[in-house]
Structures are given as C-alpha cells and as structure tokens.
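Here's a quick tour for anyone meeting this structure for the first time. Have a look at the picture, then read on.

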2 protein chains.
Amino acid sequence: MVVMGGLSTAYSPAGSHLVPAPLAARCRSVRLLRPRLATVRCSVDAANKQQVQDGAATVVAAEAPASRKECFGVFCTTYDLKADDETRSWKKLVKIAVSGAAGMISNHLLFKLASGEVFGQDQPIALKLLGSERSLQALEGVAMELEDSLYPLLREVSIGIDPYEVFEDVDWALLIGAKPRGPGMERAALLDINGQIFADQGKALNAVASPNVKVIVVGNPCNTNALICLKNAPKIPAKNFHALTRLDENRAKCQLALKAGVFYDKVSNMTIWGNHSTTQVPDFLNAKIDGRPVKEVIKDTKWLEEEFTITVQKRGGVLIQKWGRSSAASTAVSIVDAIRSLVTPTPEGDWFSSGVYTTGNPYGIAEDIVFSMPCRSKGDGDYELASDVLMDDFLWERIKKSEAELLAEKKCVAHLTGEGNAFCDLPEDTMLPGEM
Amino acid sequence: MVVMGGLSTAYSPAGSHLVPAPLAARCRSVRLLRPRLATVRCSVDAANKQQVQDGAATVVAAEAPASRKECFGVFCTTYDLKADDETRSWKKLVKIAVSGAAGMISNHLLFKLASGEVFGQDQPIALKLLGSERSLQALEGVAMELEDSLYPLLREVSIGIDPYEVFEDVDWALLIGAKPRGPGMERAALLDINGQIFADQGKALNAVASPNVKVIVVGNPCNTNALICLKNAPKIPAKNFHALTRLDENRAKCQLALKAGVFYDKVSNMTIWGNHSTTQVPDFLNAKIDGRPVKEVIKDTKWLEEEFTITVQKRGGVLIQKWGRSSAASTAVSIVDAIRSLVTPTPEGDWFSSGVYTTGNPYGIAEDIVFSMPCRSKGDGDYELASDVLMDDFLWERIKKSEAELLAEKKCVAHLTGEGNAFCDLPEDTMLPGEM
C-alpha cells in the first residue's frame, strides 16, 4: 500500500481487480452498450452511431461487451470530435496516466493537464488515474471535480487500481505515488519499498503502455526509482524515463534572481546535476543572468559556493514550516514545466534539467544511472543532452559526489534491476528537507 | 478572525497593521530604495533606472521613501516590461486582490490567475493576498510557491492583513475568505458574523479600490454578503458585484449531460436562479442540449422536476464523503469561469449565471437584492441580463421562494446595509451540503 498526501495510492500487483459496486453501477447503463474500440474507448465514429432515446438517457447502441477498463460518470459518454466544427481540427487524443492521483500534487496537476495549459488548446486529453483500494473513493471525488469543471479538452477519465489496466496505451505516465518515509525509516528501506512499486509499474508499462511512452518519476527517491522503472521496461527506450528535478531548477533560478535583484525571467541555462537529494548540484558556472555568466553578475563567490545550494535545498523545509504542508502546487507547476519542455522547442541557447539515463552522456558521468543533466528538445517529446557546457573542478567534484551516491543507491536495488543481490551502504541521510 | 480551509484568513478592522519583522526584513534592502510610483509599484521606467552593483545584489536606486505596501521576495524586484521584446506588447498590469488567500480554494485559484489561463498570455498580473495575523505565515508559504513557479506574467505579489492596504487600486477583488459555520451555528449567526466582514471589506473597496473594480463574493452566504458589500461601497457601481453561482451552474450542466448521455459541451443556456442555497433554482426550462430545449431531449419530467435540483445541490456533500474535503479545485475552476465570462464575449445565443444586483431586472424579481440570473457579456468586464428567457409557473414559483429567502436574509443584515435594525426570521437551514 502506498500513501501520498494522506491518501493511499498507486499500487497493486499485476492482475485483474474488480472495482466495487457503486462505481461500476454508475457506468453500467452506458458501458454495456459501449462500442468496442481498441484505442479510443469512449469516442465513436459518426457512421457507427445509433442514437437511442429511451426517455431516460440518450445512449449509443453498439456491439457488446463492455470494456474491462473503468470510465467515470460523464466521461463514459460517447463523443465524436470530428462531428463538431470547434473540435474537428483537434489533434489525436493523448492518454496520460497519473499515479498517486488522489494526492495533493495530483490534485493540482490533473486540472492543469485538463485545462490545456500543458499540451495546448487543440489537444484532447484522456486522464487515467491510478490509485489503491484505499484511495478509490477519493479518486472518485477527484473525478467528480473533473466532471464539474467542464473542461472541453478533457474527453476521458478513468480510475483504477491495477497498473496493467490503467497504463494501457498511455502516451505519458506521471508517476507521483510513492510511500512517504515513515519516522525513523532509513533511506535504504525507502529505496526498497518504493523501488518495488516502480519495478512493478515498469513491468506494467512495458507490457501495456504505448511503446514510446514518456515517463516522469516524481515519487522519491526519484532518480533510482526511474532507473528501476526503466530496467523493468526493456521494450521502452531508456531515454524516455525522467526523474523530476525541475522544481529544484525553478527554485535555483528564483534564488539567483533574488540575489541578483532581477526578475526570474532573466535567468537561463540553469542545470541541476545529479540526484534529487542533498547531493544535487545547482550549477552556477553555466547559468546565465540576462545572457551573462552568473559569476559576472553575482560577485559574492562565497554565497554562490556555500549558501546558494543550501538555500535551494532548504526551500521545501522552509515551506513546510510556513505553510504547514509540502509544496504541492509548485511541484505540480514543475511537472507541467517538465512536460512542456519536452513538447515545445527549447528556446535558442537555453536548456532545462531532467534526470535522465546516463549511458552515452558526453560529460564523463558514469553510465547506467539516472542523473539530472542539461537537456534540449525540438518539441517532439524527445531531447538531446546539451554539449556546450563548461566544467571546472568545483563543479566536477560535486557532480562526482552525487554520482557516487547514485551508484551506491543502484547497488541497494540490484535485486529490483535484475543485477543480482543488493548490497546497501548509504552512510548519510540525503533526503531533501520537506520531501516525503 | 476568519477561518477558511483550516487556516485563518481575510479580515482585520480598518487601520494600519505592521507586518511582523521576518517578512518586512525580507524586502527591506530593496524596498527602501524602491522608486515611488503611484500605480505600478515594482516596475520602473528604464530611464529612471540606475543599476547599483554591491557584490550582494543589484538593486535599483531611486527616491525614497518605501511604499507602505508589502511586496514579497523576488516580486520586490523592479522590472520594465517595455525593455524586452517579449513583454513590450503586453497589456497594462491588472491588479487582483484575493481574500482567504491561504485557504485551499485560493491555493488552486492563485496559480490559475498567475498562469495566464484566465486573462490571457499578454496580461501581466499583480496578486494581492489578504490574510489575517494568524494566516500570515501561511501566506508567505503561498507566496514562496508562487515565486518558485516562475510564472512570466506574475509580476507583483504582496501579502497583507489590512483590506485598506491590500485593496488599493485593485481591478478585481475575489472575496473568498469567510468564517465557516461552526457546529450548531444558525444561518442567522453566520449572516451576522460574515456580514460584518463584508461590510468592512465593502468600505475598504469603496475607499481605495479602482472605481470600476469588479467584485466576486465566494464566502458564504455569498448573495447576502455581496449585497452587504455593495451597500457599503456606494462609489462603486452596484452592478460590479457578483455572488458566485458558477459552480452550481457547472454542476447542473454536468448532471443534464449525464442524464442525456451527451458530453457536457453540448449543454448551454444553463441558468441558476436565486440564492446560493438550497432554494437555488437550476433552470431546465431554458437550458438547451445541442441547441434543443432540455425537455425535448430528456423526457423524464419527474427526474427534471424532482431529482435534478437535489442532485446538483447534493454534489458538494457527496464530494466531501468521497474525497474527505470540500471542493476546492472545482470551486477555483468556477471562479476562473466566472471571471472569463466577464472578460471574453459570451458565445452567440448562450449566457452564464451570476448572482447580481436585481434593481432594474426585466423578470419581475424584487429589486435591491443579489440574485443569480442569466447574464451576457461583450467581454469588457460588464454584462447585461438576458432578455429572451422563458418563464412558466413551475419555474416562477421556485424563483419566488428563493427571492423570499433573500428578502428575509436582507432583513437579518439591515444593521449592516444602513437600513435600520435587523430582524431575523429564517425558518429553515438552507445551507448547501458540503459548503462551509
């Protein structure tokens, strides 16, 4: 069982789970008559449509049987985008799975995805919410709020507890659900428990997702979780897996802007290197302010070398003190940023950070781990690593420390990546303050 | 003290409040040097700028003294939209005050406002967050997350506890903060307590807001709160005050779509008449599905007359059961919808619902109350009442019942609207399930 934001989420072993009666009943009258379509479950060709007017509801009669996937409420309704002038020119439906869907980060993220601000105003969306038996009622609540929001682009919503069903045909998998670290729990124990979740979700993605699915891992420890996930999904290109370091990047940009007394839109080329942990390296050597190297603008080297990184890392902890909760809204914004960076071309000369697979990297970082590095995209969902990157001893030493940590984490989860017996020796607690 | 979503918010009596030291200290180094500009607090003409490089921060030197308003963090930075190619063509800054800014509805709404999805991608935004002494730390947390979100359009954020400061020059006031009804509290007691808040906020708006400020009241009982607010703001056109019934409208559209087996984008002309309470009237006589009268599409008259309204009203209560919290996300979406309906032209033939001032209405509803009615806008922030509206006995009788309730509520708050002594006789509990 996986708990996120006070609500259990995201994981059950492979196999078929029946959804409890109340939910199934909601959909049944329409579901039993739903046409069988392999990929676009709730939409229907105008030619196949046969309107039935029974005084209670207009439903679409077509061949049985019901799909085994669960739709929710109004999203069980058939629709035909090609029949309306406003929607005829829309792109093909994009299917997005979100795990930990009943948690607070998802509660912000799902509405952003549905609004069109991520994929654009001509991109219809299917949301597939992954939860647990315990969170299923909460997932229904989330789906109800999505219904009541009347988002025109949001055409399908389904909820489920089996990743083999929820991940079917998905183009994106946003893996937010993870077990939070309990009191006194070692990072090694967390690696093992959450690693198991991501091993199973990797297998499920491998089995049923779109072969080119893009995966963003948010649940911690996200770099090693992403590595486990990709190792369990050999059919999916390893390059497609990301560990979220975008909130770190955003926070680093904001702190540089604050220090320089400029607005944050002036900061570019901000790399977070390494692990999403206290060994992460916010890179002030390559970052620019108004197109100039940071060190030319901020002369306070002591602040850059000693305080900047700590300030970025402490941000989550300070926020919890002030606000009483972890940073759900800004985390969701950073997930949006991470996706948008892959589906829109990177501005000329700039880059963004993402935790990605290191094999083939040009920097000399150890292969076969997931490490945050500077990326550029043509906007096609893919990326290339930036090649015009400066390196100095100060930066490289810190990168090597984060690399060493990730290599040690990898040994802890060897049993989950198919590389033999695990051996776990993690001396320090490197969880970021305020992270779960 | 006003509590919303578990955090205190939104109200302090008129007068000047000092902000505690930690916050003030954050801004001081920049604030003391900030140029004095009457309307655009943190922006500065390029010509006036004098960059000072002190090794610690680049600040803008200009005439003292500090503004008495508080900015937050990176939003204390000066900027010049005219200096950059990307921002030169942007519109003039719009200033938006949000009360109850530390609550959950605001936590969704503020990020939507900042993202540009409400006012458009060329509309820079200033957010002015109103809280209470008790919620001030939480407000700082919200402001920190807004900083970390790096929204290009969000140029100014300030936080405060005095409506006379926070409302200064605002173009929009979104009044979300209100005291929730405690156990055993009568609606009359709630009317009195929250009415006092909205009387004071009305006075503050009258004194310092933009003379054409648009006000949307969300805090309950929102219709009568809006009436109190407008009565205490005689300099602001009464037409500018709205009580939010948009979530009711959205829920009603969704339920009609579900019943008809169509997608919700097919439902139009959905009016909520009356009070945001259980006497509200979701109007199935005028609503249309795919351009046809609802009664032609949904033949189940018993459902329309007996179940439809109850289903819409119960929605919030069902959601709390499922999700464990009240509907913050979809309420925020409905506030966005309400604003967007005023700043974009209403689609031909359609309308939207808003609780507005009745004086001069063409329907025969009692004057001098705030009543939800069908509205159309040219997109200029203003609206006209729809004139092509059908009426039958069934609809009219229910409208009269909601009118009677609002007239009774008005008598309860006569001491707050300058109309003599209050006399309160509210027989029924008409709070909507799941509402605070």
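Two strands count as paired if DSSP finds at least two bridges between them. Keep that in mind for chain B of this predicted model, where 2 bridges join β11(B) to the antiparallel strand β14, residues 288–289. At this spot, Val267(B) sits across from Ile289(B) in β14(B).

Those strands belong to an open sheet of 3 strands in chain B, ordered β11-β14-β15 with antiparallel pairing. Which strands form the edges of the sheet? They are β11 and β15 of chain B, and each of them pairs on one side only.

| Edge strand | Residues |
|---|---|
| β11 (chain B) | 267–268 |
| β15 (chain B) | 292–293 |

Now over to chain A and its helix α3, which covers residues 136–148. This helix has 13 residues and reaches 18 Å from its first C-alpha to its last, close to the 18 Å expected at 1.5 Å a residue. Is α3(A) mostly covered or mostly uncovered? It's mostly covered, with 12 of its 13 residues buried. Among the buried ones are Leu136(A), Leu139(A), Val142(A), Met144(A) and Leu146(A), and also Glu140(A), Glu145(A), Glu147(A) and Asp148(A). After α3(A) comes Leu150(A), which has a positive phi, near 55°.

Finally, how do the two chains relate?

Note on methods
Residues numbered from 1 in each chain as written. Chains lettered and ligands numbered in written order. Predicted model: local features only at pLDDT ≥ 70, side-chain atom pairs only at ≥ 80, totals over all residues. Heavy atoms only, no water. Helix = DSSP H or I, 4+ residues; strand = E, 2+ residues; numbered from the N terminus. Expected span 1.5 Å × (residues − 1). Buried < 20%, exposed > 50% of the residue type's maximum accessible area, 1.4 Å probe, protein only.
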